[in-house]
Amino acid sequence: YRVLYVSGRPNWEFKFLRRAIDDDPEVELVALIRIARKEPKFTFRSHKNETTNSMFRGFGNEDDEDAEQYDQPVLIRLGTRDAEELRDGFPQAADVLFEYDAIILDDLDAKFFTQDQMSLIQEFVSHRGGGFLMLGGRESFAGGKYDRTPIGELLPIYLDRVSDEPRGEFRLDLTREGRLQPWVRLRSTEQDEDKRIREMPSFKTVNRVNTLKPGATVLANLRTEDGHNYPGLVVQRFGKGRAGALLVGDMWRWGLRRRDSKNDDLHQSWRQMIRWLVSDVPGRIDVDAQHQAENPNNPIELYVTVRDESFNPLDNAIVTVTVTTPDDKTVTLTAIPSQDKAGIYVASYQPRSAGGYRAEVVALAPDGSEIGRRETGWVADPETKEFQSLTPNRTLLEKIAEKTAGEVIELSRIGSFVNSLPSRKIPVTEPWIFPLWHQWSVFCFAAACLIGEWGLRRWKGLA
């Protein structure tokens, strides 16, 4: 999973966030951090009539045509795959932004984005199904002028009803909904969780909101010294994706108490929050293996969803499925397009033996290029499938009764069926076993052979 972190200034939040997921092999953090605005406060120029920004001197772009100008923000990229990724700043096309699975905005004002980029972020969540999280700060939420913007529309809080910035210290406490979420709590028991919350430090940078949007859920509250509560962590579903608002701007205070340990609570909290952001995020290829529990004789149905770079259904793809059986044999299947929905391809496989099965799906574009790969698996046990459901297989029972001259009896007809047994003509089959030599036909055939042989010998003078 790839997470795009965009910050308005270098801060400690990125330091702890990067440390938290540094050892996670399944999460890759890509950062785009602004270290100077479009109009820096300094106005000195080392050469007369110089137009390039001296902040970039020494980065190998001394040429005036390649160097950043004074009317451009100074950005630094961290964790990119190559020198071309995010070279022009925040992505401006869907096929570039949709390569990420989640976006985190930290203390960044809305003027950093164009109107098209903010609409693209909204489409990233609603259409692509990605995760979005905004962290607190002076230039986040209402302070960043996100009200009446596409980004403000996907947030789970209203930004046009915010009162003055609160002062003092705030204590974080989980709500009932937050304690029920595994990615929010950090302890296995309620007593240990309460103890952990009491030992947490207080926070001083908080974005205050008063009204939540319909469908939003408050998972954590911020409590002041005089007993007032404000939302601290709010989440909601938005289209196909999910959006969250962490209204605390100095979460780094939590990590200052245990500097020598990488397994402290702050790191665990960041890891769980990132996992929540990227969980259930659809990819360009998704595979779903389904089997009907009510009919164990039916094959496994593999439904493959294929999308293009803009995450629209792709109809003319070539999808192959390679199934590996428990005895390490491979079977290659070709998935055919579904007639019910665009971008869906279906392949059927009938397991013959018990054990674990693994399927690798490869999707190719019409030009032959590879779109992606996905793996899935299932466990089959044909002998015990009939016990997975208490519903009787009436169709199978009727077939057995028809072939054996039997009858399927309803529970309400049990009494009349028993009373009718004495008058029913029931065929009785008895096996008779006796030697073959006891048959008269066999005895006559043997006697004829003996007489024939004696007559032949007499005729030829041999007897």
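**Close-up 1. Strand E17 and the lining of the second largest pocket in the predicted model.** With 4 residues, strand E17 (residues 370-380) gives the most to the lining of this pocket. The lining is made up of 19 residues in total, and those nearest the pocket centre are Glu99, Asp101, Arg128, Gly283 and Arg284. The volume of the second largest pocket is about 480 Å³.

**Close-up 2. The largest nonpolar core around Ile104 and Trp270.** This core holds 43 residues, and Ile104 and Trp270 have the most contacts inside it. Helix H7 (residues 265-278) supplies 7 residues, the largest share of the core. Beyond the neighbours within four places in sequence, Trp270 is in contact with Glu13, Phe16, Leu17, Ala20, Leu135, Leu246 and Met251.

**Close-up 3. An open sheet of 9 strands.** The strands follow the order E3-E2-E1-E4-E5-E9-E8-E7-E6, and their pairing is mixed. At the edges stand strand E3 (74-78) and strand E6 (171-174); each has a single partner strand, so one side of each lacks a neighbour in the sheet. On average, neighbouring strands of this sheet are turned by 15° against each other, direction ignored.

**Close-up 4. The pairing of strands E7 and E8.** Strands of a sheet pair through backbone hydrogen bonds, in either a parallel or an antiparallel sense. Strand E7 (residues 217-223) and strand E8 (residues 229-238) pair in the antiparallel sense, over 6 bridges. Ala220 has Leu233 in E8 as its bridge partner.

**Close-up 5. Phe141, a residue other than glycine with a positive phi.** Most residues other than glycine have a negative phi. For Phe141, phi is near 55°. Phe141 belongs to the loop between strand E5 (131-135) and helix H4 (150-154). The relative accessible area of Phe141 is 2%, and the residue counts as buried because this value is under 20%.

**Close-up 6. Asp328, a residue other than glycine with a positive phi.** Phi of Asp328 is near 65°. The loop that holds Asp328 runs between strand E12 (318-324) and strand E13 (330-334). Asp328 has a relative accessibility of 65%, and Asp328 is classed as exposed because this value is over 50%.

Conventions: Residues are numbered from 1 along each chain as its sequence is written. This is a predicted model: local features need pLDDT of at least 70, side-chain atom pairs count only at pLDDT 80 or more; totals for chains, interfaces and linings use all residues. Side-chain values use heavy atoms; hydrogens and water are left out. A nonpolar core is a set of buried Ala, Val, Leu, Ile, Met, Phe, Trp, Tyr and Cys residues joined through side-chain atoms within 4.5 Å. Buried means under 20% relative accessible area, exposed over 50%, partly exposed in between (1.4 Å probe, protein chains only). Helices (H or I, at least four residues) and strands (E, at least two) are DSSP runs, numbered from the N terminus. Contact means heavy atoms within 4.5 Å. Two strands pair if DSSP finds at least two bridges between them. Axes are lines fitted to C-alpha atoms, for helices over the stretch in contact, and angles run from 0 to 180 degrees between N-to-C directions. On a 1 Å grid over the protein atoms alone, a cavity is a set of points where a 1.4 Å probe fits but cannot get out, and a pocket is an open set with protein on both sides within 12 Å along at least five of seven lines; lining residues have an atom within 4 Å of a point. Grid points are joined across faces, edges and corners, and a volume is the space filled by probe spheres set on the points.
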